[in-house]
Amino acid sequence: MSTRYFTGRAGHLADGTPSAIAKQPVVAALRLGPLGFAGDEQADHRFHGGPDQALHYYPAEHYAALAARFPALARFGPGDLGENISDTGWLEHDVRLGDVFALGECRIAVTQPRVPCHKIAKRLDEADAPAFVAETLRLGWYFRVIQGGIVTPEAQLERVESDPAAPSIATLWQLRLDPAADPELINWLANHPALGRAWRGKFAQRAEWLARNPPLFR
């Protein structure tokens with residue numbers, strides 16, 4: 001599969017919830033700026049959008065797993081879960097915090113996992129879908145834009161930089177939920193410049209809590 005791009009306008013889900021989770025394929029060149037693709041929108045800026053979440057990537061492979069678990073979801077595919085970029089070959093266990101990818105002349109960097117929310121359930125009409133996505137680490141992730149420009153439909157996603165010491169997207173998610181995580185690692189993440197600001201704040205809170213409540217055994 002080749003790299004595909006998607007944008008969407010803010011609208012409403014079937015129950016009236018504001019959302020821009022449904023994206024449409026891009027068929028012409030478009031500009032990529034600090035907040036993402038020109039013409040792409042988010043309905044709720046409290047949780048979506050901004051420089052740390054400029055672009056959402058969701059692995060195309062995950063749709064088959066969703067359909068296997070929930071057969072009624074077989075009708076869904078890339079673009080249906082809010083992703084701006086879709087491809088195969090890049091998964092949560094392989095992609096690391098801070099990885100830099102090329103999109104033609106543009107450069108984008110991995111910032112954080114996507115947190116599954118209730119809008120996934122509403123979009124798919126399946127209440128258990130967000131839990132399945134989280135439990136199986138089929139999360140997707142976000143990019144920030146470090147060099148904007150024009151992206152053509154033919155541009156292919158290519159990793160050009162990676163730090164082997166950085167945690168994978170899957171590991172980041174697990175650390176976020178681990179009550180006995182290494183305090184030094186949590187503190188390191190709280191100050192990691194590649195991590196999204198909101199996630200740095202969450203890890204800073206965890207580091208403070210762990211400092212006040214050290215585990216008895218490790």
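**Close-up views of a predicted model**

**View 1. Strands β5 and β6 side by side.** Strand β5, residues 30-33, pairs with β6 in the antiparallel sense over 2 bridges. This is a predicted model, so have a look at the glycines first: glycine 33 stands opposite glycine 36 in β6.

**View 2. The open sheet around β5.** Stepping back from that pair, we meet an open sheet of 3 strands. Their order is β6-β5-β12, and the pairing is antiparallel. Which strands stand at the edges? They are β6 (36-37) and β12 (149-151). Each has a single partner strand, so one side of each is left without a neighbour in the sheet.

View 3. The structure holds 1 cavity of 30 Å³ or more, and about 240 Å³ of space lies in the largest cavity. Its lining is made up of 22 residues, of which Ala20, Lys23, Gln42, His48 and Gly82 are the closest to the centre.

**View 4. Helix α1 and its packing.** Our last stop is α1, the helix that spans residues 62-69. Buried here are His62, Tyr63, Ala65, Leu66 and Ala67. What do the buried residues of α1 pack against? Their packing partner is α3 (129-135). As a reminder when you look along a helix, an α-helix has 3.6 residues a turn, so residues three or four places apart point the same way.

How values were computed:
Residues numbered from 1 in each chain as written. Predicted model: local features only at pLDDT ≥ 70, side-chain atom pairs only at ≥ 80, totals over all residues. Heavy atoms only, no water. 1 Å grid on protein atoms, 1.4 Å probe; cavity = no way out; pocket = protein on both sides within 12 Å on 5 of 7 lines; lining within 4 Å. Points joined across faces, edges and corners; volume = space filled by probe spheres on them. Pairing = 2+ DSSP bridges. Helix = DSSP H or I, 4+ residues; strand = E, 2+ residues; numbered from the N terminus. Buried < 20%, exposed > 50% of the residue type's maximum accessible area, 1.4 Å probe, protein only. Contact = heavy atoms within 4.5 Å.
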